[in-house]
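This report describes one protein chain for a reader who has not seen it before. The sequence and the structure come first, and the description follows.

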Amino acid sequence: MVMNLDFTPLYRSSIGFDRMVDMLENASRVASFDNWPPYDIVKVDDDDYRITMAVAGFSQDQLTITYQPNMLVVSGSQSGDANGQYLYRGINGRAFERRFELADHVKVAGASLENGLLSIDLKRKVPEEMKPRKVEISGTPMPKIEAPKVETEKLVA
């Protein structure tokens, strides 16, 4: 069952949420059935996240992590294996590309590959000017701001 959502009312009453609506529309589309390689996403604390992907059979030089604003792309490809003829191949070595949409101000902090697990650490760092701040209230009165006067003419019908 495919659910089509209409975001028109949101566009009428909000400004600057285009990217969020696009993400919701993309998420509501039918997802592909390709779920390889398996991965976990863990929220370590309020501003730290970790993606762990099972990439058995891939070496560090066969994996690529590309960070763009609001997008993380992890891909891997192996060259042909000339170590004999496989009778059974249970370790999947096909090329892959996995995309993760990132929220604003989420950056890649680092990555490591250990025991067939690729770990990518992400950190949300909100700029100082966007953090809430306390506004001091002064005891002196502020100067009055006068509204500009608009002259109107009476229309005679």
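## Overall make-up

The chain has two helices and seven strands, with helices (H or I, at least four residues) and strands (E, at least two) taken as DSSP runs numbered from the N terminus. Along the sequence the order is α-α-β-β-β-β-β-β-β. This is a predicted model, in which local features need pLDDT of at least 70 and side-chain atom pairs count only at pLDDT 80 or more, while totals for chains, interfaces and linings use all residues. Residues are numbered from 1 along each chain as its sequence is written, and side-chain values use heavy atoms, with hydrogens and water left out.

Of the chain's 157 residues, 18% count as buried; buried means under 20% relative accessible area, exposed over 50%, and partly exposed in between (1.4 Å probe, protein chains only). The accessible surface is about 13500 Å², and carbon and sulfur atoms account for 54% of that surface. Areas come from the Shrake-Rupley method with a 1.4 Å probe, and for residues only the protein chains shown count as cover. A contact means heavy atoms within 4.5 Å. Among contacts between residues at least 6 apart in sequence, 54% join residues at least 24 apart.

## Strand pairing

Two strands pair if DSSP finds at least two bridges between them. Strand β1 (residues 39-45) runs antiparallel to β2, and six bridges join them. A hairpin of two residues connects β1 to β2, and I41 stands opposite I51 in β2.

Strand β2 is also joined to β7, by seven bridges, and these two run antiparallel.

## The nonpolar core

A nonpolar core is a set of buried Ala, Val, Leu, Ile, Met, Phe, Trp, Tyr and Cys residues joined through side-chain atoms within 4.5 Å. The largest one here has 15 residues, of which M53, L72, V74 and F96 touch the most other members. At least two residues of this core come from each of β2 (48-54), β4 (71-76), β5 (96-101) and β7 (117-124). The most come from β7, which gives three.

Beyond its neighbours within four places in sequence, M53 is in contact with residues including P37, P38, Y39, V74, F96 and L118.

## Aromatic rings

Rings of Phe, Tyr and Trp (its six-membered ring) pair if their centres lie within 6.5 Å; planes under 30 degrees apart count as stacked, over 60 as edge-to-face and the rest as tilted. The structure holds four such pairs. One is W36 with F96, edge-to-face at 5.6 Å centre to centre and 90 degrees between the planes. It links W36, in the loop between α2 (18-28) and β1, to F96 in strand β5, 60 residues apart. W36 and F96 are buried.

F58 and F96 have ring centres 5.4 Å apart and planes at 90 degrees, so this pair is edge-to-face. F58 is in the loop between β2 and β3 (63-68), 38 residues from F96 in β5. F58 and F96 are both buried. Ring pairs link W36, F58 and F96 into a cluster.

## Around R124

R124 lies in strand β7 and, at 26% relative accessibility, counts as partly exposed. The C-alpha atoms of R124 and D47 are separated by 4.9 Å, although the two residues are 77 apart along the chain.

Not counting residues up to four places away in sequence, R124 touches D46, D47, Y49, D104, H105 and V106. The R124 side chain reaches the backbone oxygen of D46 at 2.7 Å.

Note on methods. A polar contact is a pair of N or O atoms within 3.5 Å; within protein, one must be able to donate a hydrogen and the other to accept it, and residues adjacent in sequence count only if both atoms are side-chain atoms.
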